[in-house]
Amino acid sequence: MNYDQQLSELRKKEDQLFQKERAIIKETRKLEEDLNRFEAYSYDAHRYLWDAFESYPSSRNFFDQLQEGFLHESRKISNSYLEELDELAIQKRKVEDDLNDIYHERKKLMIEKECDDGN
């Protein structure tokens with residue numbers, strides 16, 4: 001395979017990696033928005049639960065159980081979002097590393113091509 005074909009293949013791989021990186025960034029933003037929306041709903045639900053308790057203080061045990069269950073489920077969901085965000089960050093770093101490798105490979109090919117053209 002000649003230099004031009006190798007460079008063309010590297011450019012194709014680079015374009016695919018850039019597209020993958022954009023998709024990861026888009027998914028990360030979506031997850032962050034979803035997490036923010038969930039946290040806002042969670043905050044509101046907690047506030048409504050507390051308001052209900054203040055209206056019916058005789059039901060303290062019931063509201064304590066509700067709150068404990070609510071907080072547990074809320075943490076599980078938040079952790080799930082955070083795990084997905086961590087996974088996307090790992091994927092993004094891998095894509096960036098692959099792009100860096102392609103950059104250096106293209107640079108090496110260009111130098112080799114210039115050396116061959118010069119001889």
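Predicted model: local features only at pLDDT ≥ 70, side-chain atom pairs only at ≥ 80, totals over all residues.
Trainee: Is Ser-74 buried or exposed?

Mentor: Ser-74 has its place in helix α2, which covers residues 60-118. Its relative accessibility is 12%, and the cut-off for burial is under 20%. Ser-74 therefore counts as buried.

Trainee: Is Ala-45 buried, partly exposed or exposed?

Mentor: Ala-45 lies in helix α1. The relative accessible area of Ala-45 is 32%, whereas buried means under 20% and exposed over 50%. Ala-45 is therefore partly exposed.

Trainee: What distance separates the C-alpha atoms of Ala-45 and Phe-70?

Mentor: Along the chain, Ala-45 and Phe-70 are 25 residues apart.

Trainee: What volume does the largest cavity have?

Mentor: The count of cavities of 30 Å³ or more comes to one. For the largest cavity, the volume is about 60 Å³.

Trainee: Which helices each supply at least two residues of the lining of the largest cavity?

Mentor: The lining consists of His-46, Leu-49, Trp-50, Phe-53, Arg-60, Phe-63, Asp-64 and Gln-67. By class, four of these residues are nonpolar, two polar and two charged. The helices that each supply at least two lining residues are α1 (3-55) and α2.

Notes. Residues numbered from 1 in each chain as written. Heavy atoms only, no water. Helix = DSSP H or I, 4+ residues; strand = E, 2+ residues; numbered from the N terminus. Buried < 20%, exposed > 50% of the residue type's maximum accessible area, 1.4 Å probe, protein only. 1 Å grid on protein atoms, 1.4 Å probe; cavity = no way out; pocket = protein on both sides within 12 Å on 5 of 7 lines; lining within 4 Å. Points joined across faces, edges and corners; volume = space filled by probe spheres on them. Nonpolar A, V, L, I, M, F, W, Y, C, P; charged D, E, K, R; others polar.
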